[in-house]
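This briefing concerns side-chain packing, cavities and backbone geometry in one protein model. The structure is shown first, and the notes follow by topic.

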Amino acid sequence: MAQPTPVTGLGIASLALLVERPMHPYEMYQLLIQRAEDRVVKVRPGSLYHTVDRLALRGFVRATGTEREGNRPERTTYEVTEAGRCILTERISDMLANPVNEYPQFPLAIGEAHNLPAKAVIDLLSRRMDDLRSQRDLLEASVATVTEKAIERKYWLDLSYQQAMLQAEMSWIENLVDEMGHNRINW
């Protein structure tokens, strides 16, 4: 018998929000954006509605009511079920305890960078650093925003993790570019 498809990252984020309180998918979307969780899970309003529908079909959430405001479309409010709480706990526990190689592109590119001229690699890494600095600034602004809004830190631990990982990557690239620029790597 085939194993059921695991709950996606967006499904986990959705279940976690519904543990806090019942809400409709658009409210969930707004909260994910407000908390800058779109930095760790790809979220679009349409994909969120689809995810909540799949969670409902699997019995992880259930509709608690429908309401309409003015000319807006009806909005269905959902709550997490006991099965939803269990799968959320299982998935988070598994993800925290068990490292998974997600096959990011950058390590592959670095592993094959020797196929390009050293100057090209240095130039490309310098461009990457510009983008990483922009990401760093965005993360800092996100932290400032959630801090200003007095959002509990437990809801944005991922931001500090992302900051640490970004800083590590930036330091590594700076060291590599320095080594390459001073011909300490035989290219």
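Tyr103 is exposed, with a relative accessible area of 69%; buried means under 20% relative accessible area, exposed over 50%, and partly exposed in between (1.4 Å probe, protein chains only). The model is predicted: local features need pLDDT of at least 70, side-chain atom pairs count only at pLDDT 80 or more, and totals for chains, interfaces and linings use all residues. Residues are numbered from 1 along each chain as its sequence is written, and side-chain values use heavy atoms, with hydrogens and water left out.

**Backbone geometry in loops**

- Tyr103 is found in the loop between α4 and α5; helices (H or I, at least four residues) and strands (E, at least two) are DSSP runs, numbered from the N terminus.
- The phi angle of Tyr103 is near 55°, a positive value in a residue other than glycine.
- Ala150, in the loop between α6 (118–148) and α7, has a phi near 60°, again a positive value in a residue other than glycine.
- With 63% relative accessibility, Ala150 counts as exposed.

**Aromatic pairs and charges over rings**

- Two aromatic pairs are present in the structure; rings of Phe, Tyr and Trp (its six-membered ring) pair if their centres lie within 6.5 Å, and planes under 30 degrees apart count as stacked, over 60 as edge-to-face and the rest as tilted.
- One of them joins Phe106 and Trp172, whose ring centres are 6.4 Å apart and whose planes stand at 90°, so the pair is edge-to-face.
- Because Phe106 lies in helix α5 (residues 105–111) and Trp172 in helix α7 (residues 157–181), the pair ties together parts that are 66 residues apart in sequence.
- Phe106 counts as buried at 18% relative accessibility, whereas Trp172 counts as partly exposed at 43%.
- Arg128 lies over the face of Phe106, at 3.6 Å from the ring centre; a charge sits over a ring if NZ of Lys or CZ of Arg is within 6 Å of the ring centre and within 35 degrees of the ring normal.
- Arg153 lies over the face of Trp156, at 5.6 Å from the ring centre.

**Nonpolar cores**

- The largest nonpolar core has 23 residues; such a core is a set of buried Ala, Val, Leu, Ile, Met, Phe, Trp, Tyr and Cys residues joined through side-chain atoms within 4.5 Å.
- The residues with the most contacts inside this core are Val7, Leu15, Leu18, Met28, Leu32, Leu48 and Val61.
- At least two residues of this core come from each of α1 (9–20), α2 (25–34), α3 (45–57), β2 (75–80) and α4 (82–97).
- Helix α1 supplies the largest share of this core, six residues.
- A second, separate core of 19 residues includes Ala113, Leu139, Val146 and Trp156.

- Not counting residues up to four places away in sequence, Leu48 touches Leu10, Ser14, Pro25, Met28, Tyr29 and Leu32; contact means heavy atoms within 4.5 Å.
- Thr51 lies in helix α3 and counts as buried at 5% relative accessibility.
- Leaving aside neighbours within four places in sequence, Thr51 is in contact with Thr8, Leu10, Gly11 and Ser14.

**Cavity**

- One cavity of 30 Å³ or more is found in a search of the whole structure; on a 1 Å grid over the protein atoms alone, a cavity is a set of points where a 1.4 Å probe fits but cannot get out.
- The largest cavity holds about 40 Å³ of space, where a volume is the space filled by probe spheres set on the points, and grid points are joined across faces, edges and corners.
- His24, Glu67, Arg68, Glu69, Arg72, Pro73 and Arg75 line the largest cavity; lining residues have an atom within 4 Å of a point.

Methods. 1 Å grid on protein atoms, 1.4 Å probe; cavity = no way out; pocket = protein on both sides within 12 Å on 5 of 7 lines; lining within 4 Å.
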